Amino acid sequence: MMSKIRDFFNQGGLLLFALGRILAGIPIIIALTVLVFMATQALPGDAAVSYLANTATPERLAAIREQLNLDDPLWVQYFSWASDALRLDFGMTLTGETSVSAILGERIQNTLILMASSGIIAIPLSIVIGTYAAVRRGKIFDNVSSLVTLVLASLPEFVVAIFVVFLLATNIFQIFPAISFVEPGTLAWADPMSLVLPSLTLILAVTPYVSRIMRGSMIEVMESEYIQMARLKGLSERTVILRHALPNAIAPTIQVIALQLAWLAGGVVVVEAVFAYPGIGTVMIDSVKARDLPIVQAITLMIAALYVVLNILADIGTILSTPRLRTKHARKNDTSDVFAAMDGDQ
Amino acid sequence: MSVVKLSNVDIAITRGGIKIVEKISFEIQSGQILGLVGESGSGKTTVSMALLGHTRKGAVIESGSITIDGHEIVGADDKMLRSLRGGTIAYVPQDPGTALNPGLRIGRQILESLEKHQPDVDHEVHMARVREVLTEVALPSDTDFLRRYPHQLSGGQQQRVAIAIAFACRPKVIVCDEPTTGLDVTTQSKVLATIRALCREHGVAALYVSHDLAVVSELADDVAVMYAGRIVESGNRDEIFFNSIHPYTRRLIRALPDIAGRNQILGISGYAPMPWDRPSGCAFAPRCADAQSICSQSVPELTKISASHNVNCHRHKDSTKIVATARIERESISASAQPLLGINNLDGFYGSRQVLFDTNIHIQPGECVALVGESGSGKTTLSRCIGGLHDDYKGEISYFGNTLGKHALERKKEERRDIQYIFQSPYASINPRRPIGSTITRQLELFFGMKGSAADARVKELLDLVSLPHAIITSFPDQLSGGERQRVAIARALAAEPKLLVCDEITSALDVSVQASVIETLKNLQSSTSVAMLFVTHNLALTRSIANRVAVMRKGTIVEYGGLDEVFNSPKAEYTNRLLQHTPTLK
Ligand SMILES: Nc1ncnc2c1ncn2[C@@H]1O[C@H](COP(=O)(O)OP(=O)(O)OP(=O)(O)O)[C@@H](O)[C@H]1O
Ligand code: SF4
Ligand SMILES: [Mg+2]
């Protein structure tokens with residue numbers, strides 16, 4: 001893997017490709033700001049009315065309109081919001097006490113910690129389960145894991161969360177806290193126990209999908225002719241699986257992994273709510289309830305941007321793990337000398 | 001001593017116990033090459049993989065004995081098989097495009113056999129061997145080449161890498177399963193020369209599997225002919241090619257296109273049965289002209305004709321000699337002022353890439369022009385231009401003097417009717433969800449508004465023309481064999497009563513015996529309906545059996561264009577000469 005990464009950056013063409021993908025992500029992010037902005041415009045009344053609702057007085061309405069520049073033309077509003085947003089400045093919350101960034105800063109880190117701790121376990125775990133099930137196709141492990149993953153995949157994550165709480169926090173064992181209490185001002189890993197149940201829930205939600213895709217991909221590869229060839233070379237089954245099959249099976253799975261990670265970002269809202277985990281999910285729910293528009297906009301935009309980033313990473317990852325694609329994007333002279341060799345062949 | 005010895009090997013499908021191959025026995029001495037020939041589905045691959053103790057999923061070696069260099073393979077444990085595979089006995093696959101790992105560099109793929117079978121040797125020594133074996137198969141061996149991935153090589157190079165992998169550990173036996181299918185003749189002849197030289201020099205025993213008798217005749221010392229899972233005749237090369245006794249072997253040799261142009265090719269009607277519906281008695285009986293009642297009652301026993309020559313046929317004493325019928329000379333049709341089809345100064349493109357250069361071909365009514373070239377030479381692009389399926393070209397295609405629209409939709413209905421295109425894969429033109437009869441009647445309705453009983457009668461006529469039974473009308477394409485499907489495609493094209501048939505590699509996916517039948521069908525058509533043809537093929541030998549005139553194409557340019565005898569007897573282009581030399585033939 002290291003040598004692949006080294007190759008990747010040695011080959012200027014690939015770096016260019018990566019840059020190209022990242023640049024292509026920029027208009028998408030900009031389009032997202034438009035969408036998010038437009039979506040909030042579609043709310044009945046304006047932001048001030050919907051925030052204040054029954055408590056609205058002309059003065060308070062005016063104050064908020066002032067804060068959000070609601071009296072400016074739409075496009076001016078958009079530009080001032082979007083240009084600030086791109087600099088990660090989302091303005092003040094409508095309570096007027098703190099800036100959105102200040103509220104979100106810590107929360108985002110907590111959420112990322114939660115996603116990372118679940119991803120780091122869920123992805124290798126799914127690859128191992130999927131691979132092992134494929135290799136043992138039709139045997140007990142395969143049948144059991146197929147059934148379990150199918151059941152888990154069909155359960156909504158709040159059900160999984162409740163089950164996890166039931167099992168490990170309250171009724172059966174009381175090992176982990178059912179509520180993730182994190183001291184304000186500290187990050188989630190200050191108290192790893194608080195991370196266990198939310199992570200576990202997310203792992204249980206993600207692993208079934210990824211492992212099923214991995215299993216399918218691995219089965220396809222194991223039936224290919226080059227695997228048969230590797231066996232006919234006398235290689236041990238271990239070498240056949242680890243060197244010949246696995247790398248070829250992971251490549252097509254990367255896109256699914258990225259999608260699942262992005263999905264984690266959405267699923268995290270529900271899971272955080274169940275465990276009262278202080279991430280952006282809980283802020284999101286609170287601010288939707290309070291109709292605190294700047295926060296809602298900021299979070300929506302960030303989750304959407306995460307999708308874009310993960311997709312870019314997935315594209316690059318797919319190319320890195322597929323030699324055919326990798327070399328296609330490599331330096332030009334590399335391919336031209338292939339054609340020279342092909343001519344010599346005739 | 002025989003390095004390879006099979007006796008009475010039966011391989012069966014695990015479920016149901018249906019035998020895929022039965023009573024297979026042969027021996028190979030070191031340094032010798034045994035050619036194993038037979039039609040598709042006869043069990044060649046099954047036998048060849050059994051030599052490495054491998055069977056496809058769902059199949060099992062039921063009984064018999066296979067010894068490789070003194071080791072019994074049948075019933076051997078995995079450890080034993082793994083130490084033999086790749087070390088003592090190596091396999092060269094049919095299609096290196098799918099048999100090389102796309103994710104590993106070729107250096108690694110060669111190296112790993114060495115590391116597995118000679119674990120005590122230093123890395124430098126292994127690397128030296130990797131480079132040496134690459135040189136032996138005439139490939140570059142520099143580090144840059146070792147770091148390539150399979151997709152960065154041409155088909156011929158990939159095949160030679162596969163051979164290098166097989167020879168890396170200096171095996172005693174190699175098994176080659178049609179290693180040249182899909183290669184151009186010139187590349188094929190190089191690959192064959194490589195295999196031959198390596199076997200001779202290093203005393204390697206080889207099993208060479210092929211459906212192409214001509215290739216086997218150039219390479220093998222001994223030949224075994226398989227039909228429907230059994231070896232029906234075996235002997236040394238001359239015994240099989242010049243003194244064969246089994247009716248199937250004899251017919252097979254007659255089905256071979258003869259590049260020398262002495263003989264007419266002759267098809268074998270019908271097709272080889274699948275393992276589950278092989279007839280009892282002699283499996284060839286339904287297709288055999290010599291069959292008698294005993295033939296369908298009992299399986300013929302092996303009879304020794306000479307020390308090396310064995311045959312399994314009830315009529316080994318008096319089977320009919322099939323005398324080669326001399327090729328019917330075709331009078332060349334003289335050029336007229338107004339050819340049926342004129343291709344004038346045609347340049348073909350894919351966007352900015354030019355693939356056809358200043359092409360000129362004229363086809364007279366009733367004439368068959370063969371367009372020959374290696375893969376990628378532009379043959380298909382040209383035929384697609386004619387068929388109105390590719391419109392990215394400059395220049396003119398004229399039909400009886402009138403310029404044709406570039407795209408089929410720009411052409412008049414009559415023009416579309418008169419020029420019919422038959423694809424390499426009949427699936428492209430036959431709807432798989434429609435019975436055969438309705439595929440043809442649709443065509444009749446489209447061009448002639450013909451319906452009902454008139455159409456039904458015409459369908460039967462068309463089926464007769466392409467020698468298909470009427471019962472096929474209600475069949476679906478997937479119930480037919482490749483040859484039958486291809487004939488349906490021809491019948492469908494004929495339904496339009498075309499003046500010109502453009503046949504694009506229509507026999508390349510077919511067995512020789514079926515190919516010969518399809519060619520016979522086309523020839524009969526030509527004399528009975530005087531339809532003109534553009535017959536596109538990569539097989540130069542085949543053109544001798546059908547064409548009046550030959551155009552040889554190389555890299556988008558016509559390098560040779562002339563009457564049949566002219567091209568074959570005094571080729572002008574060096575390239576034609578090279579093709580003629582490299583085309584394998586029975587000598
Ligand atoms: N494991 C299996 N299960 C079921 N059928 C099988 C199995 N292996 C082979 N067959 C059938 O046995 C027959 C012989 O197969 P095999 O691949 O040996 O033929 P072949 O002579 O190599 O053909 P080709 O020239 O097309 O490669 C085919 O009809 C095939 O479908
Ligand atoms: S045994 Fe009978 S059917 Fe079989 S090949 Fe001989 S003559 Fe023909
Ligand atoms: Mg085969």
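**Helix packing and the chain interface**

A: In chain A, V100(A), I103(A), L104(A), I108(A) and M115(A) of helix 6 meet P294(A), I295(A), A298(A), I299(A), M302(A) and L306(A) of helix 14; contact means heavy atoms within 4.5 Å, and helices are DSSP runs (H or I, at least four residues) numbered from the N terminus.

Q: How many nonpolar, polar and charged residues does that contact have?

A: It has 11 nonpolar, no polar and no charged residues. Ala, Val, Leu, Ile, Met, Phe, Trp, Tyr, Cys and Pro count as nonpolar, Asp, Glu, Lys and Arg as charged, and the others, Gly among them, as polar.

Q: What angle do the two helices pack at?

A: About 35 degrees, with the axes of helix 6 (residues 100-135) and helix 14 (residues 293-321) of chain A 11 Å apart. Axes are lines fitted to C-alpha atoms over the stretch in contact, and angles run from 0 to 180 degrees between N-to-C directions.

Q: Where do these coordinates come from, and how is everything numbered?

A: This is a predicted model, where local features need pLDDT of at least 70 and side-chain atom pairs count only at pLDDT 80 or more, while totals for chains, interfaces and linings use all residues. Residues are numbered from 1 along each chain as its sequence is written, chains are lettered from A and ligands numbered from 1 in the order in which they are written, and side-chain values use heavy atoms, with hydrogens and water left out.

Q: OK, the interface. How much area do chain B and chain A bury?

A: About 3,100 Å² between them, 48% of it on carbon and sulfur atoms; buried area is the accessible area (1.4 Å probe) lost on being put together, summed over both parts. In chain B, E112(B), H151(B) and Q152(B) lose the most area to chain A, together 17% of what that side buries.

Q: And how many residues are in contact?

A: 39 residues of chain B with 28 residues of chain A.

Q: How many salt bridges between the chains?

A: The count is 3, where a salt bridge is a side-chain nitrogen of Lys or Arg within 4 Å of a carboxyl oxygen of Asp or Glu. K57(B) forms one with E223(A), the closest N and O atoms being 3.7 Å apart.

Q: Which helix of chain B gives the largest share of its side?

A: Helix 4, with 6 residues.

Q: How many salt bridges over all chains?

A: 32. One of them joins D69(B) and K172(B), with the closest N and O atoms 3.2 Å apart. That pair links distant parts of the chain, 103 residues apart.

Notes. Buried area = accessible area lost by both parts, 1.4 Å probe.
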